[in-house]
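Hello,

I am passing a structure on to you, and I hope you enjoy looking through it. Open it beside this email and follow along as you read.

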Amino acid sequence: IGELFGVFQELPQTQAVFVSVDPERDTPEFLQEWTAYMPDNLYAVTGSPGAIRRAADNYGVKYARVETTSTAGYTMSHTADIYLIDRDGPLLVAYPFGTPAADIVEDLKTLNAS
């Protein structure tokens with residue numbers, strides 16, 4: 001999510017959606033509180049385990065619950081990529097974790113120009 005802040009600075013009209021893969025902890029109420037500390041153009045959503053699995057599979061997102069002995073009980077291992085998705089849903093580009101914001105901004109500018 002950190003790279004998105006750079007995208008938002010360059011292109012404030014950009015919107016992003018964070019999709020939780022942990023609906024047990026990331027309830028709508030929790031996500032609403034979490035997004036209060038984020039830019040206004042970052043939205044967070046969750047869903048049923050089945051809906052999350054279908055969405056993840058459609059975009060090639062990998063995730064798994066990993067049981068631990070910590071007080072949290074488990075962690076979530078997951079893909080940390082950023083996905084550029086057309087308004088109608090098709091995946092346009094998958095950015096690997098660590099892709100500089102400038103690269104994403106250039107792609108968005110190119111798409112907006114067409």
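**What I found**

Let's start with Trp34, which is partly exposed, with a relative accessible area of 22%. Please keep in mind that this is a predicted model. The ring of Trp34 belongs to the 1 aromatic pair that the structure holds. Its partner is Phe18: the two ring centres are 5.0 Å apart and the planes meet at 50 degrees, so the pair counts as tilted. If you wonder about the cut-offs, planes under 30 degrees apart would be stacked and those over 60 edge-to-face. Phe18 is also partly exposed, at a relative accessible area of 26%.

Now for the overall picture. The protein has 4 helices and 6 strands, and from the N terminus on these elements run α-β-α-β-α-β-β-β-β-α. Its C-alpha trace spans about 50 × 30 × 25 Å along the principal axes. Of the 114 residues, 25% are buried. Among contacts with a separation of 6 or more, 47% are between residues 24 or more positions apart.

Next, the inside. In soluble globular proteins, nonpolar side chains tend to be buried together. Here the largest nonpolar core has 14 residues, and the members that touch the most others are Leu4, Val7, Leu42, Ile104 and Leu108. Which elements give two or more residues to this core? They are α1 (2-10), β5 (82-85) and α4 (101-113), and α4 gives the most, with 4 residues. If you click on Ile104, you can look for its contacts with Val7, Ile82, Tyr95 and Thr99, leaving aside residues up to four places away in sequence. There is also a second, separate core of 7 residues, which includes Val21, Ala56, Tyr63 and Met76.

Thr99 deserves a visit of its own. This residue lies in the loop between β6 (91-95) and α4. Is Thr99 buried or exposed? With a relative accessible area of 12%, Thr99 is below the 20% cut-off, so it is buried. The side chain of Thr99 reaches the backbone oxygen of Pro96 at 2.7 Å. Not counting residues up to four places away in sequence, Thr99 touches Glu3 as well as Ile104.

Strand β3 (residues 63-67) and strand β4 (residues 74-78) run antiparallel and are joined by 5 bridges. Tyr63, which we met in the second core, stands opposite His78 in β4. How many residues sit between the two strands of the hairpin? There are 6, and Gly73 in this hairpin takes a positive phi near 90 degrees.

The charged end of Arg25 sits over the ring of Tyr74, 3.8 Å from its centre. Arg65 also lies over the face of Tyr74, at 3.6 Å from the ring centre.

Happy exploring, and do write back with any questions!

Best wishes

Note on methods. Residues are numbered from 1 along each chain as its sequence is written. This is a predicted model: local features need pLDDT of at least 70, side-chain atom pairs count only at pLDDT 80 or more; totals for chains, interfaces and linings use all residues. Side-chain values use heavy atoms; hydrogens and water are left out. A nonpolar core is a set of buried Ala, Val, Leu, Ile, Met, Phe, Trp, Tyr and Cys residues joined through side-chain atoms within 4.5 Å. Buried means under 20% relative accessible area, exposed over 50%, partly exposed in between (1.4 Å probe, protein chains only). Contact means heavy atoms within 4.5 Å. Rings of Phe, Tyr and Trp (its six-membered ring) pair if their centres lie within 6.5 Å; planes under 30 degrees apart count as stacked, over 60 as edge-to-face and the rest as tilted. A charge sits over a ring if NZ of Lys or CZ of Arg is within 6 Å of the ring centre and within 35 degrees of the ring normal. A polar contact is a pair of N or O atoms within 3.5 Å; within protein, one must be able to donate a hydrogen and the other to accept it, and residues adjacent in sequence count only if both atoms are side-chain atoms. Two strands pair if DSSP finds at least two bridges between them.
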